[in-house]
Amino acid sequence: MGKCPYCSVELHIEDFFIVEKKENKKGKIKTKVREFKGERIIPPGLGWGDCKMWACPSCDAVLGFTEYRYDSS
């Protein structure tokens, strides 16, 4: 991935999500990305989905926000 603009630590997907790795019978490694590790907010009554705050695991600087909005109709 990229680097944190504040502390220059290299960031990986495993820093933000729980990742499961399993080896199958043929010796291949299967990877599944599970739930988000960071702060997650579900605003009540606004009709939004969830909002995620992305923070650097090394320096705790906020890198950004993700908003998911869905139509409830």
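This is a predicted model: local features need pLDDT of at least 70, side-chain atom pairs count only at pLDDT 80 or more; totals for chains, interfaces and linings use all residues.

Student: What makes Arg34 and Glu20 a salt bridge?

Tutor: Set the distance against the cut-off. The closest N and O atoms of Arg34 and Glu20 are 3.5 Å apart, and the limit is 4 Å between a side-chain nitrogen of Lys or Arg and a carboxyl oxygen of Asp or Glu. So the pair qualifies as a salt bridge. Arg34 is in strand β2 (residues 29-36) and Glu20 in strand β1 (residues 17-23), so the contact ties together parts 14 residues apart in sequence. A search of the whole structure finds one salt bridge.

Student: Why are Arg34 and Glu20 called partly exposed?

Tutor: Partly exposed covers the range between under 20% (buried) and over 50% (exposed). Arg34 has a relative accessible area of 41% and Glu20 has 32%, so both land in that middle range.

Student: Why is the pair Phe17 and Phe36 called edge-to-face?

Tutor: Two values decide. The ring centres of Phe17 and Phe36 are 5.4 Å apart, and rings pair within 6.5 Å. With Phe17 in strand β1 and Phe36 in strand β2, the pair ties together parts 19 residues apart in sequence.

Student: Which aromatic cluster do Phe17 and Phe36 belong to?

Tutor: One made up of Phe16, Phe17, Phe36 and Trp54. The whole structure has four aromatic pairs.

Student: How do you know that the charged end of Lys52 sits over the ring of Phe36?

Tutor: The charged end of Lys52 is 5.3 Å from the ring centre of Phe36, and the distance limit is 6 Å.

Student: What makes Phe36 part of the largest nonpolar core?

Tutor: Phe36 is buried, and so is Phe17. A core takes buried nonpolar residues joined through side-chain atoms within 4.5 Å. The largest one has six residues: Cys4, Leu11, Phe16, Phe17, Phe36 and Cys56. Beyond its neighbours within four places in sequence, Phe36 is in contact with residues including Phe16, Phe17 and Met53. In soluble globular proteins, nonpolar side chains tend to be buried together.

Methods: Residues are numbered from 1 along each chain as its sequence is written. Side-chain values use heavy atoms; hydrogens and water are left out. Buried means under 20% relative accessible area, exposed over 50%, partly exposed in between (1.4 Å probe, protein chains only). Contact means heavy atoms within 4.5 Å. Helices (H or I, at least four residues) and strands (E, at least two) are DSSP runs, numbered from the N terminus. Rings of Phe, Tyr and Trp (its six-membered ring) pair if their centres lie within 6.5 Å; planes under 30 degrees apart count as stacked, over 60 as edge-to-face and the rest as tilted. A charge sits over a ring if NZ of Lys or CZ of Arg is within 6 Å of the ring centre and within 35 degrees of the ring normal.
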